[in-house]
Amino acid sequence: MARTVLTWWIPLLILQSFLLAIAFGSNEVEEEFSESLLLKPLPDRKVLAHFHFENRAPPSNSHGRHHHLFPKAISQLVQKFRVKEMELSFTQGRWNHEHWGGFDSLSSMNAKPVGVELWAVFDVPHSQVDTSWKNLTHALSGLFCASINFLESSTSYAAPTWGFGRSADKLRYGSLPREAVCTENLTPWLKLLPCRDKDGISALMNRPSVYRGFYHSQRLHLSMVDSGEEGLGSGMLLEQSLTVVLQPDTVYDGKDLQPSWSLSSLFGRKVVGKCVLAKSSNVYLQMEGLAHQALWKNEEFELSTQPDRILRENSSFLYIFNIDKSSDSEPFDLGLTWKLPSKWSCQQAPLHASRFLMGSGNERGAIAILLKATESQDKLSGRDLTNGGRCTIRANVFQIFPWYVKVYYHTLQIFVDQQQNTSGEVLKKINVSPSTDKMSSGMMEMMLELPCEVKSAAISIEYDKGFLHIDEYPPDANQGFDIPSALISFPDHHASLDFKEELSTLPLLSKFKDKSLVRSYTEVLLVPLTTPDFSMPYNVITITCTVFALYFGSLLNALRRRIGEEERFLKSKGKKTGGLKQLLSRFTAKIRGRPAESPSSESTAAAQSSVLSSKLLFKIILVAGVAATWQYFSTDK
């Protein structure tokens with residue numbers, strides 16, 4: 001009877017637990033992953049490809065999280081180091097602001113400096129921020145197979161306040177301009193994706209196609225999303241993007257036609273399906289400079305695939321393609337064929353920034369930043385009235401100086417339209433953090449307010465070159481030392497892309513719809529420092545070893561040589577061959593007509609041996625004297 005009751009109760013208990021799990025779990029928000037690709041022809045006959053992946057983890061009130069899609073490695077970084085926001089980028093090549101744009105959301109967020117850039121905001125007390133930063137750099141270095149751990153040194157990072165564009169008192173920023181970017185950094189980055197590079201849009205990331213481009217930058221941005229409810233933790237948003245500028249493989253026929261291309265010609269692959277774990281998978285094609293040509297087949301160009309949706313924002317058209325129906329039998333291969341010549345220009349930032357060095361020699365020099373007006377500046381007149389009805393352009397300048405570049409901040413000079421400005425009308429705010437030798441790097445933040453009609457503005461500051469210890473030089477010291485790129489941001493200008501449509505299901509366009517601060521990075525400066533002759537230690541070691549070899553060799557030869565035995569050996573040898581030698585000497589004397597020489601006596605042999613021994617003794621004394629003199633002068637007093 002008891003066995004019968006038990007067999008009835010077990011299924012009921014299982015059913016009850018299943019229903020309770022459904023009831024309590026129905027209110028929880030699941031993790032979401034989306035993938036997208038944006039293609040954009042550029043005015044200089046190149047193509048921009050922007051891969052964007054977004055992974056969301058909902059808020060949770062539990063201490064430990066079990067993730068289905070969100071990468072566990074990133075979640076552990078957030079929980080262990082209390083990271084509130086973080087961004088890491090690996091970049092090779094420099095973004096061309098004149099031809100590729102500088103006033104749009106894509107360039108403002110993805111145009112990064114050369115090498116590695118890392119910044120993070122921590123949710124810890126002030127006394128623990130530097131410790132958390134050092135631990136984070138070591139963890140990211142092992143995760144992405146890079147030299148990010150070099151940023152742990154206090155001479156490699158800074159703590160900006162407002163010049164970086166984010167007002168956070170627990171922010172740390174570091175940059176490695178010389179870090180090489182290769183597949184060893186891309187492979188760990190792809191492993192954070194649910195489908196990696198095996199399926200979906202990420203399968204287009206063919207390594208040779210990506211790294212032969214003029215510019216490529218892989219970015220990882222992590223941010224915490226507050227839930228707004230008590231007792232519930234914060235959610236996590238991870239954005240991974242890869243921006244590549246490629247040159248289509250087409251033969252120039254002498255016409256002004258833009259090169260035609262397709263996905264298979266750019267990446268060598270086609271899209272054979274979406275990632276099964278992705279909530280949305282879309283491919284976008286953005287066309288700029290078009291008047292009214294919204295059709296996918298028109299007189300100017302033709303697309304190989306009909307788009308699912310077309311959006312318009314001023315003179316920019318966006319063609320949306322859904323790849324849910326693509327498969328191995330019917331792969332998605334978007335192609336663009338130009339029929340007529342077309343010319344357009346990308347919108348640029350109000351001022352174009354460039355940085356360069358002045359001066360010569362290995363003792364001192366100067367760093368200069370040149371701001372030149374662009375075509376976008378003409379549209380600002382009469383719009384940005386921020387200073388008593390006067391049109392002005394505000395620009396923030398953020399620079400980091402290594403400790404061996406000793407900057408004299410009192411030598412700061414500002415020129416507006418080639419005229420030096422000594423008043424405080426242009427320089428509204430400045431924050432300086434001087435460097436300390438071998439302890440911390442220098443930092444300078446400036447806020448400039450320039451009139452809208454300005455044509456050019458220049459900033460210069462002088463510096464002295466420091467001396468490094470021989471152990472502090474890198475292996476390629478004669479190449480020079482890098483100064484990280486300067487950041488120029490415009491706080492009154494924000495870029496956005498709004499197509500005035502409901503974009504809640506399209507994460508990439510929702511991101512572009514948000515206003516982003518217009519910013520641009522300058523060039524990396526290469527400063528030559530005084531380098532010692534690294535061959536001198538080798539020369540000293542070689543000469544010292546040679547002298548000691550001669551000294552000990554001669555000494556051992558003198559100590560172990562037995563002169564008496566050598567003399568007896570020579571006498572015995574002379575007696576055996578004495579008759580033959582006398583006959584030969586007499587025969588040669590008769591031929592030459594000279595008298596025969598008498599054989600040498602024992603006294604002559606003894607005299608020769610004594611002379612030989614005195615010469616040997618003189619050599620030993622001479623070598624010993626040279627060695628003692630060298631040791632005396634080479635020893636530090």
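Two strands count as paired if DSSP finds at least two bridges between them. Strands here (E, at least two residues) and helices (H or I, at least four) are DSSP runs numbered from the N terminus. On that basis, β15 is joined to β16 (residues 364-373) by eight bridges, and the two run antiparallel. The model is predicted, so to speak of local features takes a pLDDT of at least 70 and side-chain atom pairs count only at 80 or more, while totals for chains, interfaces and linings use all residues. Residues are numbered from 1 along each chain as its sequence is written, and side-chain values use heavy atoms, with hydrogens and water left out.

Back to that pair: Leu-351 sits opposite Ala-373 in β16. Both strands belong to an open, antiparallel sheet of five, in the order β15-β16-β23-β19-β20. The edges go to β15 (351-358) and β20 (419-420), each with a single partner strand, so one side of each has no neighbour in the sheet.

Overall, the protein has 13 helices and 27 strands. Of its 637 residues, 44% are buried, meaning under 20% relative accessible area with a 1.4 Å probe and protein chains only (over 50% is exposed, in between is partly exposed). β4 pairs antiparallel with β3 over eight bridges, Gly-115 being the partner of Thr-91. Six bridges, again antiparallel, link β4 to β6 (residues 171-176), where Arg-172 faces Ala-120.

Helix α6 (residues 183-191) also has buried residues, among them Trp-189 and Leu-190. Their cover includes β2 (47-57), β3 (83-92) and α5 (129-144).

As for cysteines, the whole structure holds two disulfides, a disulfide being a pair of cysteine sulfur atoms within 2.5 Å. In one, the sulfurs of Cys-195 and Cys-275 are 1.8 Å apart. This pair links distant parts of the chain, 80 residues apart: Cys-195 is in the loop between α6 and α7, and Cys-275 in the loop between α8 (263-267) and β10 (280-287). Its S-S torsion is about 70°, so the bond is right-handed. Cys-391 and Cys-452 form the other, with sulfurs 1.8 Å apart. Cys-391 lies in β18 (residues 390-401) and Cys-452 in the loop between β22 (442-451) and β23 (456-465), so parts 61 residues apart in sequence are tied together. Here the torsion is about -75°, so the disulfide is left-handed. Cys-145 has its closest cysteine sulfur in Cys-182, 8.7 Å away and too far for a bond.

Definitions and conventions. Contact = heavy atoms within 4.5 Å.
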